[in-house]
Each structure stands twice: as structure tokens, then as C-alpha cells.
Amino acid sequence: MLQDSVRPASLGRQTLEDGSFKDLHGMTLPNSFNVAWEGVMLNKLRSFLTTLGIIIGVAAVIIMLAVSAGAEAEIEDQISGLGANLIMVTPFRSFGGVRGAGRGFGGGGPGGITTFTYDEVLFLSQNLNNIAGVSLEQSTTQNVKGGASTLTGVSIVGVTADFLEVRDYEIGQGRFFTHAENDATQRVAVLGAGIAEDLFDDAGPIGQQVRIGSSRFTVIGVMAEQGIVGATDNDGRIYIPASVAFKKFGGSGFGGNRVRMILVKAESGEVMDSVMEQIASLLAGRRQIDPSEPNFGVRTQQDIVDARASTTAAFRSLLAWVAGVSLVVGGIGIMNIMLVSVTERTREIGLRQALGARPRDVQRQFLLEAVMLSLVGGLAGLFIGVAGSIAFGALGGMRTELVPLSLPLAFGASAAVGIFFGYYPATQAAQLDPIEALRRE
Amino acid sequence: MSDLVIDITKMTKTYGEGDIAVHALKELDLQVERGEFVAIMGPSGSGKSTLMNIIGCLDRATSGLYILDGEDVSRLIRDQLASVRNRKIGFVFQSYNLLPRLSARKNVMLPMMYNGFQNWSEEQRRERASELLNLVGLGDRLHHLPTELSGGQQQRVAIARALINDPSLILADEPTGNLDTRSSTEIMEIFHSLHAQGATIVMVTHEQERAHEAQRVVNVLDGRVVAPQSRIDRLVSA
């Protein structure tokens, strides 16, 4: 007998005694995967082009998130580098001046922004309670001559005697200047470590004379070496009393008496709020304006970090939109190609149905195919995104930080896209009538 | 008591409703016993194709009873029909319907994908498919793609595929319609051999010559079976 000769003993007829169909197996998942994968590989170029949208979308999102996270980390480093318990008093609309505080030029600024006067700085330092110090940082650029060398374009920063305290900086050799020296407009200078080395090599700079612009200064100290923080070379600056700075360089770079930012350091974290209130009421009182409508801002580092965070959050939500749009576009591409595929393979679908594929088997085959397309795209995009982020960081001179959450998110999103946009074509395929489908050429 | 593979009673199939209703089958009766080789003939529009689709569980009758191999399949839903097709029916189509990207053996294995054969190891399933290809004389063509095979060879792959799930009924729709005489003869020889070994075969054809190779010819005309004749009757009357 034919059947017996080809039928292994374990097979047996699949007819059930009671005529029930319940225990009939459908398609197993591994089988569905195989069939779906065959579908993907059927037309490799087309599959690749289809997934390109997803690849680009996912890669772009990961890279952009890494770049924005890198920029954010850079900003936070700079801000926290300013020191602890620091309060910044700024004219309104000069918020961006925070970053440039070290090198900002006085000179009023554009758009009629109000600035502070040196008198106001002194007023605050005399009248505030619970403070560790008050300073300002007014910069100009001058040529400096000392020893046998001349340096051009050195950043000269006018500060108060509280500067070291306010910024948590350390002196390396000698000493910083005193309030008395500042009040008496003594021409003394404290050199950044790099400047000291450039001008005097290893010879002791303390007590030496330097010429800044056209004025002679006596070197009384050298700052401890700091290195480069953010974009600022702190070792390449010279600190002089603010009173001298306004007097000597007022016309050339400091913009007369105009102060762009006042830095106040509170004694401790607990008194921060009280100090901020004092600043607000003292300044408003002196300016004779309504304290509820001040023309200046009092902020902490935390405020600035928060403000940056909200900017970053806005940027991120923009990115999320871009990501969403690119994934939707990629998904539409997948849906399009799946619809084409269902049309092209109508006869195959009919055949599979005739051979026993249930509607749900057909649906699963095409749904899995769509999900595989989008997942392969997501995975490729993920690798390209990670590699791109690292490459940007290494070659582009741009700081990048991979956002760990973006990886599973990108992967999950591409899977979701596959399911969402694969569902309709898969359902279309499942609903085909086998007779019609087999008749199709 | 006779052992019927197909037992169709008062089957009607109506397309459309009211004045435009088309009655493709009109209370048709048909019985096929186990081990029979039956040819179904009829001009186009006779209801022959409709009958074949219903026998093949690709479609359902409007009314009437259809017992296939002891199971009432008259009122099954799509999923159940798919399962019946998979277990009980081996289809052979006029245009072979092989998947072009799969090897001969993988094409033969295709129906196993949708049933309990999945419990078999891949090795066992391959073995069975190879045996069947051997049986139809293609033991040396296991890994050929359909495009690398002649029409007759492709149809033999299709027959092996029809046998893979050990069906109660082989349903062939114009199996020699696309083939030259020599290939047709080869295919018919395979059917005769299967029949000799106990298979039940229903073949739809419009070729008198091929039809009369069957044990019995059923003529469908205007939605009914007319004057079923046995081969013996025909030979006697001739």
C-alpha cells in the first residue's frame, strides 16, 4: 500500500474520532518566523530600501539625543564650575551673559539693557547679611609686558577682594589683593598660572613689575593652576582690583562704570533664599523702583540649570517630534511595500489557504514580515546611531553622550511601527478568499 | 454498509439574491466511495467549478449536507474549513501552484507547516517529503527550483505535495490541462498507481479521453448530476 509505505508509524491519520477540530495545530511561531523571513529575503533590495526610512530615523534620533545630552553636560559643568552657593544678579534680558561672564565686555550691551554700577556692587557688599563675599568679573583684553616677554590679547579681569572666596579659587604663590588695596586703587595684579610661566618662566614673579596696557602693576600673587574649564582658559588671565580696572581701562573696554553681573556668595545653602530677598529689596530700594517689578534678576545656579533643563526639554520634545515623524514616514513605507507584497503574492496566499493556512496564519505571516522589516531597520539604525554618536564625539570635536534609554526606546518604537503599519496589509491578506486568490494571475 | 469519502445530499449553491439570484447547484447529490477514482465533467457554467470548490472545502454550500470522510463539513467556519483542507484534501491544480522560490522538497513540505506534523523534527519531515518525491519519480530532483523543472515534473511535485498530509481525498482540477500528451500520460499513470494502492481521487476535467480513464464519470449539467455512468455501463452500452 502506498500510504503505509510512506507513512511512518508515528503519524497516524489525523481524523479525530469525535470529529472535533480543537486539537489541530496551527502554525508554530518558529515556522511563522521562517516564512516571514523568507518573505523579507525574497527581495533584498526592496526590503533594504523599505527599511531605510526607519534606519535613518532611528540613527538620527540617537545621534541628536547624544549631541544634546553632550551639550547639556557641558553647560552643567560650566555652571557648576562657578562655585557653590552662588547667586547671580543680572540685568534683565542679559541672561545669556552668564556664560560669557568671564570675558564679557561691559559697554552696556545691545537693546538698552540696564546694567549695574560699581557703586551698587559696593553697596551690596556693605549692606548684605549672611554673605561670604560679593564680586564682579569685568574683562578687557590688553597687551601685557613683563620680564623679557610681551603677550598680546591677554584677558584682564577686574574683581573685588572677595573674588577667591566667591569663586572657590585657590592662590598658588603670594597672596590676593585686599579690600584696602581695592579701595585705594592700588595697581597690583594676580597672574594666572599660565601667564606667570609665560612671562617669568621659573623665576619668582612675586614683586616683579608688569605693564598692562600703558600702566605698571606689581605682581603680588599667582593663581593655582586650573586648566581649561569649558571654553575658558582660567590660567591665561590676570586679575586686578575692580576699582583700578574701571579707572584705568574704563574707556577702553570696561564701558565706564557699567557692571554686567554681580556675583554674591551666601554663607551657606540655608541662607540662600534670605540673601536673595535682601538683594532684591536692597537694590530695588536704592533704585527706587517697585520691588515687584524689578529691572534686574536674582538667580542661583540651580535656576540657571533649571532654565537650561527646560530649554533642553523643549529641544528634546522637538526631537521626539522629528523622531515620530520619521518613524511614521518609515512606517508608511513599510505599509506601502506590504500592500504591494500582498497584491503580488495573492496567488501564494490562496495556495497557502488551500493547503490549510487559516486566516490568522496568513495574518501572522505578513505581520511578522512587517515587524521584521521595521526591527531590522531599527537595529541597523541603532548601530549606526551609536557608531555615529561615538564618531561625532571623537572626530567632530563635539561632546556627545549616549542616552541609554534611547536605545530600547528606538527599538521598541520601530517594533511598534511594524505592528501598527503591518496590521492593515496583513489583515487584507488574511481576508482574501482562497478561490479568488488562486484564480489571480 | 458502504464507506463513503464524499456524501453530498440535496446541495444547493446560490449566488446573489432575488431576481438576480444564480442557482449554481440545484439539490445536487453525489457519493464517492473510498478507493474510487471519479472524473467530474461538465460544460462551463454547469456548476462544475462550484461543486469542486465545495468538495475542496474552499467554499460552503447554501444548503444541503456534505459529509467528508465521516465529518459533517457543511456548516464549518473558515478556520475549521482550513483545517479540514489541510488534513483531508490533497489539491492538484491545473497550473501546479508551486512557490517559485522554494525547492521541490520544500514545496512538498509546505502543507506540513499548518498542522500537527510540526511536532516532527525537520529531519523527519524532509525524509517524508523525499520519500514522496521518490514515489513520483523525482528522487533526483529534491533541490531543484520549480523553474528548473518541466511542466510534467512540476505537476509531479504538486502530487507529492498533495500526498504529504496523507489525505482522505485527492482533488485534481484539470491536472493535465497545461501538459503535453506525454506528460499527461505520465501524470495519469501516477493517478492510476495511487488509485491501485487505495487512494480516493476526484478529478475535474473537460477532456473526454482523460475522464474515461477514471473508474466512473460524473456529468454535471445545469447544477445537477446527470445519469451517472460507470465505466462498465459505458463499455457495455458501447
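Glu401(A) is partly exposed, with a relative accessible area of 35% (partly exposed lies between buried, under 20%, and exposed, over 50%, with a 1.4 Å probe and protein chains only). Glu401(A) forms a salt bridge with Arg399(A) (a side-chain nitrogen of Lys or Arg within 4 Å of a carboxyl oxygen of Asp or Glu). The closest N and O atoms of this pair are 3.2 Å apart. Arg399(A) is also partly exposed, at 33%. The model is predicted: local features need pLDDT of at least 70 and side-chain atom pairs 80 or more, while totals for chains, interfaces and linings use all residues. Residues are numbered from 1 along each chain, chains are lettered from A in the order written, and side-chain values use heavy atoms, without hydrogens or water.

Over all chains, the search finds 28 salt bridges. In chain B, Arg34(B) pairs with Asp69(B), with closest N and O atoms 2.6 Å apart. This pair links distant parts of the chain, 35 residues apart. Arg34(B) sits in the loop between β2 (22–33) and β3 (37–41), and Asp69(B) in the loop between β4 (63–68) and β5 (71–72) (strands are DSSP runs of E, at least two residues; helices are runs of H or I, at least four). Arg34(B) is partly exposed at 35%, whereas Asp69(B) is buried at 11%.

A further salt bridge joins Glu122(B) to Arg126(B), at 3.8 Å between the closest N and O atoms. Both residues lie in helix α4 (residues 122–135) of chain B, 4 residues apart, about one turn of the helix. Glu122(B) is partly exposed at 34% relative accessibility, and Arg126(B) is partly exposed at 28%.
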